[in-house]
Amino acid sequence: MKAKIFLVAIAVAVLVALPWLVSTPLLNAAVQMLIAALFAMAFSFLCGRAGMLSFGHAAYFGIGAFAAVHAMNAFGGAGLLPTPLLPLVGAGTGLLGGLIAGYFATKRTGVYFAMITLALAELLHALAPHLKGTFGGEAGISSFRMPAWGFTFGSVTEVYFLTLAWVLLCIGLLWLLGLTPLGRLALGLRENGHRLRFLGYNVHALSTLVFAVSAMFAGVAGALQSLNIEAANYVVLEAHVSTSVVLNSFIGGVRVFLGPAIGGAAMTFFGYITADLTRVWLLYQGIIFVLVMMFLPRGLVGELVERFSGGERRSGGTALLDGGWRLAGFAMAAAGCVFLVEFLQRFLSTGYRATATGENWPPIELMGFDWSPGSPLTWLLPAALLAAGLWLLGAANKRAAAQQEALA
Amino acid sequence: MNDTVLKFENVHKSFGPAHIIRDVDLDVHRGERHAVIGPNGAGKSTLFHLCSGQFAPSSGRILLDGEQISGLRPAEVNRRGLARSFQITNIFPGITVHENLRLAVMRKHGLQFSFWRFAGRLSAVNAEVEDLLDRLRLTARAGTLANQLSYSEQRSLEIGMTLASDPKLILLDEPMAGMSQEETDYTADLIREITRGRTLLIVEHDMSVVFALADRISVLVYGEIIATGTPEEIRANAQVKEAYLGEEVAA
């Protein structure tokens, strides 16, 4: 417990010091990471804690985003509330939207629940472009951050601190909420809603409330995004926003408290650094998701917590060594895989097709070298990397398993 | 004085053309341990589902302390003072034993939607949970995940959850199903001990348990109650012998 508090304190300290540590573009990315982290935490309050998998959380993120933009533009641009308090508008509208949608969605469970949330979100997404007054049509709505409380909110740093304060506050509230009767009952919903009913609880009302709380925090995340980019467009209601939050949360681990936040932040960060390097980020996101689900089903943070909380019997040294081998194997396999994907992406692009005529297949530039599609080396190198990496991974896993066995 | 807690009046239940419960009249008296026995498929579990709110009867009424409870939803039935366990273990597997009992206790304290208090600081609730743990002999297992318990411990936990709301009437649906002789004896003891002074309606297949535990027994065959009486009366009843007990108990 003490170690956990210590880790969190360090993380908060680093987050507070960040504006003096990184460049402006990176700080911009950090704002987006914080927003993605909060969104994933909001989603996971519903999915991880209460066991309700929503495929339509873009709706509540979007509702919060649009509400915030309208609030910023209210009274001829003076704003409904001072800028630092605008996320409250996102919270309020998210809560309201969540109460209404949740009332219908939580009448069913499991797949049917997921389908209703998906349908409601798609309904909103389909409707949005037609409601120009509310959602601004194709162009969206833009606005402007007004100075307040002595801050201009003109610099990235000020926006970063505003976002950080709200995200930390919300994550703190979600933590406390988990300790209340409502939070404990949410666990009961996940584990066995049928039993709760026979213990005298109103399961539908309970589910609706948990749904609404989740939507409320998603609304705050949406509002923070509007504050950050000073605009909202109906693309925030798209299905990929809903799916990203699902993928990010599961990659981090929905059942450990900060797992989703770390998943959301990490995936946003990867998206940011690879945005200029690759056109197929979505493919990588998908591959990462599948790999995590196959080999680390508790999510990245979930597995880490498991390792440190007694699952690992071996001494730190040998475990670390194996970790090193695994990492090396993983890096080699990943390099081979990335090479193949990037090469194929360029090879199959229409741009390349236009330059290739008849027997003439010009070489493709990748990582500073020219690679000819006809040369065996081009194909053997990534294949060898992939094979060697996988072999290394397998060998390290076998060794670790044998040692665990010997100690057990 | 025969004070009736639960009363079935002419209760009938059919699923399409299948008549599962036929015109059942049954009184459960306050403070008694009442067992329902009958061959497989006699409708014992359906009888429980009817009075706990899982199903509504096709006709007839079920009264708890004079108030109609048939047709109400499970949560409403529970709040009027009827708690039940299930034939197949029905607990919260992925959370601790303590947490399982706490969820069961909280409802009685009106804690459902409260998000402004910490569950860990509800001293009345936690004291009751500790007390239950003690009576269930599960104190040492309080921090264990419910799905890590042994089968008989899980059954004990479920009985404890039924007790948690301090109900007027407890329904136990085959609490000893699938248990070894040793576990059965243990659980029978536990039930006798923790239901002292309460009203109990129990379905059970193990005849030795039923005859040792129950004050009165009702025999359900093909959806009809063919006899109700003390264990001695049931043992002596020719109709029961013929329909169900056969040599098993007569011997």
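In strand β5 of chain B, B:Glu67 is the bridge partner of B:Leu64, where strands (E, at least two residues) and helices (H or I, at least four) are DSSP runs numbered from the N terminus. The structure is a predicted model, in which local features need pLDDT of at least 70, side-chain atom pairs count only at pLDDT 80 or more, and totals for chains, interfaces and linings use all residues. Residues are numbered from 1 along each chain as its sequence is written, while chains are lettered from A and ligands numbered from 1 in the order in which they are written.

Two bridges join β5(B) to strand β4 (residues 59–64) of chain B, and the two run antiparallel; strands count as paired if DSSP finds at least two bridges between them. Both belong to an open, antiparallel sheet of four strands in the order β2-β1-β4-β5. Because β2 (18–29) and β5 (67–68) of chain B stand at the edges with a single partner strand each, one side of each is left without a neighbour in the sheet. Helix α1 (residues 44–52) of chain B packs on this sheet and touches β1 (4–15), β2 and β4, contact being defined by C-beta atoms, placed from the backbone, that lie within 7 Å. The direction of α1(B) makes about 65° with that of β2(B), as given by lines fitted to C-alpha atoms, for helices over the stretch in contact, with angles from 0 to 180 degrees between N-to-C directions.

The contact between the chains takes 21 residues from chain A and 29 residues from chain B. On the side of chain A that touches chain B, α8 (181–198) and α9 (203–229) each supply at least two residues, and α8(A) gives the most, with twelve.

Note on methods. Two residues are in contact if their C-beta atoms, placed from the backbone, lie within 7 Å.
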